[in-house]
Structure formats: structure tokens, C-alpha cells
Amino acid sequence: MESIITSQATDITRLERTGAHSHIHGLGLDDKLEGRTSSHGMVGQLKARKAAGVIVKVIKQGKISGRAILMAGAPGTGKTAIAMAMSQEIGDVPFTSIAASEVFSLEMSKTECLTQVFRRSIGIRIKEETEIIEGEVVEIQIDRSLTGVGPKTGKLTLKTTDMETVYDLGQKMIGSLTKEKVMAGDVIQIDKATGRITRLGRSFTRARDFDATGPDVKFVQCPEGELQTRKEVVHTVSLHEIDVINSRQQGFLALFSGDTGEIKTEVRDQINQKIAGWCEEGKAEIVPGVLFIDEIHMLDMECFSFLNRALEDTMAPVVIMASNRGMTRIRGTNYQSPHGVPIDFLDRLLIIATQAYSEDEVKQILKIRCDEEEVEMTDDAMDVLTKAAVETSLRYAINLISTSHLVALKRQASKVDVVDIKRVYSLFLDETRSVQYMTEYQDEFLYNEIPVSQGEERMAVDQTVS
């Protein structure tokens, strides 16, 4: 019984959610920014990936801000995947991702929503110096009262290669040392401002104290020089976090609750002036991040006018947008424009085009998704699934992987076979078959808006008159 419970607990802890782009780990480029055929979960789209790699390299160097990139292509050509790969490559630069429909919120205005995501994508590296004590523990003495009721006191002896000092310990420091399980021979670091103790590892001089050590034991050199030194600490926060903290009485808690609301312009102006002063003094550094807006054609003229002005600001992130529309109407107007974006705004953009995947690339993507979802599939089944993806869509075929796996488990098979693919293909309709079904049985549905032909309309009038 105990073994069954243990195995169940082990399986539960290993559960991981698989997302649509969880297999993406980078752009898959070499040192010369040339795309590999298949790497880091990316397949094909060599030109688009190389263009994205150039943008990532310039962003890392911190040389551009206020630029806008549009990723344009048909549905299922990897636009969002490339954006996610860029976020993986960028590293510690702030990255914010939203869908354009999120802007149309009832809780705040459209311009306020865009302002918040802009400032969430701009990081501030705040530098400050703090005094630390770093050395090897020689001895710890803790004195307890005979009754066991009074406060504890003690002494801590630390040394470097050049000096040795004894420090008096209070109740709080004794508790911290006990919590970190510090013992003689450990190299520790103490922050004087907060009293925080960090255990860096064991000294090499104590490597022979024990016959055997665990794999997690880390050996470090004994520090050199003075015990007490000054160290520069860098904190990275976003402008939006600073806005929230300074605009609410319980600002820090508002970050966790998500109840930020609209923030006054005066508060932002004061914060901008303060940060500008810090930058002049060398205390802070502005880090322009990346804002990814999916389905950009969902924005209206008011939003595009705001983006036009916001991109000209000195503290503006790099904005990456994606659209799968061709010539379409701009939201809120009767004018048509490429990708549903006004011409004057389109002139600002660097456009990266994505192409349709070839059959071999589709097959490679499906294999990667099978590995990600831990599904074993026979070669014949993979060929059938690839054919279905080419004839319908890649997204539809990816959805069939997990469902066919469930059907295979139902018949107690370890691998997905052709019969499982055909079974789920008959159960779930793709877009083309769904439209065909709706057209065939449209009269049996409520609120049918497909107009009948003039002949049928005249026949209906005649029948009514007769």
C-alpha cells in the first residue's frame, strides 16, 4: 500500500502543463545569425528568424528604443512562436506580451491600458552600495541561560586570509545562523543593513574534515582582504511597478492583487523626473524592453494615434506586433489598409514576413510536438497526420496529437497508429468540413444570416400569397 501511494505522489510531482509554444527555447541561430534548419524548437522560417535575431542582438546592446516591428503572415506560420523565441533570447530585458483585444477594457481607458503596458516594458536598473561582512567561520559560541527562558547571546569568529575578528551575536543573528545551519568551516556573507546571512559554501581548508560529503556541498576559497567591504547591488524594476507603489497607499500590495486602476499623469511626471536625476547621478540606468502586441489589427484609430506619439518618447520600448490579416478595414472606420494598420503608422514599421511551411517542415514540427507531449507515434501515423496538416491546418493537426494518444490508450496501445488518427479525424471537424456542414444544414439553425437567393425568395412570397 505504501509503495502505491509513493508512486502516485512521484507521478503527481512530475506533472507539467504543455503549452502551445512550450517547445520553443530560442531562435535557433548560430554565431553568424544564420538559422539552423531545426534547432531550439524552431523549424523553417530562416529569413524571418534571421531578421528577428538581428533585432534581438541590437536590443541586447541597448542601442535602440522606440522602434516597431510588424510580423505579418498567414495563420499558422509561426509569428507568435518567433516572438516567444525572441523573449527567450533577450534574457533579463523586460518583456511584456498582450493581445490587442485586452486594450478594450471597461476598467480603464484604452490609452491608459497602452501606457501601463508600455511602462511595464521599460526596466530601471537601480544601483546601490551596501556594506557586507564576508569571511570563513572559525567558531560559533552560543550562551543559553540556565533556566532556558532568557535571551540567547553568543560570539561569532570570522576570518579572511589577512585578518580575524570576533563579533557579538544577538537573538536575531543567532536565529539566522541556526536557520541557515551555519557551522565552523563555512564561508558566509552578512548584509549589515538587513542582517541577512547567505551561506556561500565550505572552505577548501576544511575539505578533509569528513570522509564523505553530499553532492550539494560546494567548496569555495577563503575570502581575501578586509572582512567588511562595500558591494554594489543592482535591482531591476519596471516603471509600472514604481508607478503603482507611488500612486497607492498600499502600493506594494496592489502589485500582487492586480488592482492598479488608472494612474494620474502628475505621478508619472514626478517619477520620470526622479529617475532622470538618478540617471544623471549614475545611480540608475534605463533598460528599454520589448512589448509584444498580438492581433494588432484589433486596435482602432485612437490606439494607433497614441502609439504614433508614444514611440517618439525617449523612454519607449521596442514594440513587436503580429497580424494575420491582408487588406482589411481599419477598426472603427470604413477605410481599408494593409494588415488593418493605417498607412502613416505602417511607414514606421520594420516588417518581417513569414511564409507557409513545407510538408517536410510540418512533419518536423509535429515530431517536436509529439516529443513535447510525450506521445509515441508510428511512422505511418505520422505520415497520415502530416497529410492532414497540409490539407487542413497545422494547428488542427497539433490538436489531434493528444486526442489520438487518448484513443490509443483506450485500446491499450503504447503507440499512436493510423487507426487512432482516423478515429479522431472523424470525431473532430476541421475548419473546411465545419463550414461545409454549416452550409448544408444552415436552415436547421437559429438566427441564420446567410441570405437566400432571389429565386428562393420569390418562391417563398408566392407560397405566402397562395
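Analyst: The sulfur of Cys303 has its closest cysteine sulfur in Cys113, 8.4 Å away, which is too far for a bond. A disulfide is taken here as a pair of cysteine sulfur atoms within 2.5 Å. The model is a predicted one, in which local features need pLDDT of at least 70 and side-chain atom pairs count only at pLDDT 80 or more, while totals for chains, interfaces and linings use all residues. Residues are numbered from 1 along each chain as its sequence is written, and side-chain values use heavy atoms, with hydrogens and water left out.

User: How many disulfides does that rule give?

Analyst: The count is zero.

User: Is Cys303 buried or exposed?

Analyst: Cys303 is buried, at 1% relative accessibility. Buried means under 20% relative accessible area, exposed means over 50%, and partly exposed lies in between, with a 1.4 Å probe and protein chains only. Cys279, by contrast, is partly exposed at 29%.

User: Now the overall picture. How many helices and strands are there?

Analyst: The protein chain has 16 helices and 17 strands. These are DSSP runs numbered from the N terminus: helices are H or I with at least four residues, and strands are E with at least two.

User: And what share of the chain is buried?

Analyst: Of its 466 residues, 38% count as buried. The accessible surface, from the Shrake-Rupley method with a 1.4 Å probe, is about 28700 Å², and carbon and sulfur atoms supply 50% of that surface.

User: What about contacts between residues at least 24 apart?

Analyst: They make up 66% of the contacts between residues at least 6 apart in sequence. A contact means heavy atoms within 4.5 Å.

User: Let us turn to charges. How many salt bridges does the structure hold?

Analyst: It holds 14 salt bridges, each defined by a side-chain nitrogen of Lys or Arg within 4 Å of a carboxyl oxygen of Asp or Glu. Side chains of opposite charge can pair when their charged atoms come close.

User: Which residue pairs with Asp243?

Analyst: Asp243 forms a salt bridge with Arg268, with the closest N and O atoms 3.4 Å apart. Asp243 lies in helix H6 (residues 239–247) and Arg268 in helix H8 (residues 265–281), so the pair ties together parts 25 residues apart in sequence. Asp243 is buried at 0% relative accessibility, and Arg268 is buried at 7%.

User: Which residues are linked with that pair in a network?

Analyst: Glu112 and Arg119 are linked with Asp243 and Arg268 in a network of salt bridges.

User: And what does Lys363 pair with?

Analyst: Its partner is Asp383, the closest N and O atoms being 2.8 Å apart. Lys363 belongs to helix H11 (residues 359–372) and Asp383 to helix H12, so this bridge ties together parts 20 residues apart in sequence. Lys363 is partly exposed at 26%, as is Asp383 at 37%.

User: One last topic: which residues of H14 are buried?

Analyst: In helix H14 (residues 418–427), they are Val418, Asp420, Ile421 and Val424. Down the axis of H14 these residues fall within an arc of 160°, so they line one face of the helix. The arc is taken over the directions from the helix axis to the C-beta atoms.

User: What do they pack against?

Analyst: The buried residues of H14 pack against helix H12 (379–391) and helix H13 (394–410). The face of H14 turned away from the buried side carries the exposed residues Val419 and Lys422.
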